[in-house]
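Here are my notes on the model you sent over. Have it open on your screen while you read, and check the points as you go.

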Amino acid sequence: MDRVLDLAREMSEASIELDRAALAALVHACADAGSVPHARHFLAKMRELGLAPRPATYLLLLGAMAETEGGVWAEEAVASRAEMAEACTRLTSMQRAEATVVVAEMCIQAGKVRSDATSTE
C-alpha cells in the first residue's frame with residue numbers, strides 16, 4: 001500500500017497528470033489492499049478532474065467497503081451506489097443488480113435494515 005501511495009505522490013510531484021486509467025488503477029490498488037479511505041480519495045480526485053469513473057471502479061470500491069468488518073461503510077456505500085447510478089449512464093442491469101446486492105448486504109450487516117424485512121411499497 002505504501003508503494004502505491006508513494007508512486008501517486010511521485011507522479012504528482014513530477015507534475016505528471018493522472019488520467020482516468022491511472023486514477024482507476026490507484027482506486028483498484030487501494031481497494032484491493034483494503035484501504036477504503038485511500039480508494040475514496042482517488043475516486044474523488046477523478047470526479048474533481050471531471051473524469052467519469054467507470055462502473056467497475058465503483059463496484060470495486062463497493063466491494064472493498066463490504067469487506068470491512070462491522071458495516072462501517074454502509075451509509076457511504078448507499079451514497080456511492082446512488083452516485084454510480086447517476087454518473088454511469090451505461091450501467092448494465094447486472095451491474096446495477098450487483099451494486100444493489102452489495103449495498104443491501106452491507107446495510108444488513110450494519111444493522112441498518114433487518115435481513116427478514118420486506119417492503120410493501
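This is a predicted model: local features need pLDDT of at least 70, side-chain atom pairs count only at pLDDT 80 or more; totals for chains, interfaces and linings use all residues.

1. Reading from the N terminus, you go through α-α-α-α-α-α.

2. Some overall numbers. The protein has 121 residues, and 32% of them are buried. Its exposed surface comes to about 7,500 Å², with carbon and sulfur atoms supplying 52% of that. If you take the contacts with a separation of 6 or more, 62% are between residues 24 or more positions apart.

3. How do α2 and α3 pack? Helix α2 covers residues 20–32 and helix α3 covers residues 36–48; the angle between them is about 165° and their axes are 8 Å apart. Angles over 145 degrees count as roughly antiparallel, so α2 and α3 are roughly antiparallel to each other. The crossing of α2 with α3 is left-handed.

4. If you want to see who does the touching, colour these side by side. From α2 come Arg-20, Leu-23, Ala-24, Leu-26, Val-27, Cys-30 and Ala-31, and they meet His-38, Ala-39, Phe-42, Leu-43, Lys-45 and Met-46 of α3. Sorted by class, that contact holds 10 nonpolar residues, 1 polar and 2 charged.

5. Next along is the pairing of α3 with helix α4 (residues 55–66), where the angle is about 155° and the axes lie 10 Å apart. That angle makes α3 roughly antiparallel to α4, and α3 passes α4 in a left-handed crossing. On the α3 side, the contact uses Val-36, Ala-39, Arg-40, Leu-43 and Arg-47, and on the α4 side Thr-57, Tyr-58, Leu-61, Ala-64 and Met-65. The class count here is 7 nonpolar, 1 polar and 2 charged.

6. Met-1 sits in the segment before α1, which spans 2–13. Its relative accessibility is 34%, so Met-1 counts as partly exposed. Which residues does Met-1 touch, leaving out those up to four places away in sequence? They are Cys-30, Ala-33, Ser-35 and His-38. With Ser-35, the C-alpha atoms are 8.1 Å apart, although Met-1 and Ser-35 are 34 residues apart along the chain.

7. Is Ser-80 buried or exposed? Ser-80 belongs to helix α5, residues 74–87, and it counts as buried because its relative accessibility is 11%. Beyond its neighbours within four places in sequence, Ser-80 is in contact with Tyr-58, Leu-61, Leu-62 and Met-65.

8. Last, a backbone point. Most residues other than glycine have a negative phi. Ser-15, though, has a positive phi, near 60°. You will find Ser-15 in the loop between α1 and α2, and at 65% relative accessibility it counts as exposed.

Conventions:
Residues are numbered from 1 along each chain as its sequence is written. Side-chain values use heavy atoms; hydrogens and water are left out. Helices (H or I, at least four residues) and strands (E, at least two) are DSSP runs, numbered from the N terminus. Buried means under 20% relative accessible area, exposed over 50%, partly exposed in between (1.4 Å probe, protein chains only). Contact means heavy atoms within 4.5 Å. Accessible areas come from the Shrake-Rupley method with a 1.4 Å probe; for residues, only the protein chains shown count as cover. Axes are lines fitted to C-alpha atoms, for helices over the stretch in contact, and angles run from 0 to 180 degrees between N-to-C directions. Angles under 35 degrees count as roughly parallel, over 145 as roughly antiparallel, 65 to 115 as roughly perpendicular and the rest as oblique. A crossing is left-handed if the near helix is turned anticlockwise from the far one by less than a right angle, and right-handed if clockwise. Ala, Val, Leu, Ile, Met, Phe, Trp, Tyr, Cys and Pro count as nonpolar, Asp, Glu, Lys and Arg as charged, and the others, Gly among them, as polar.
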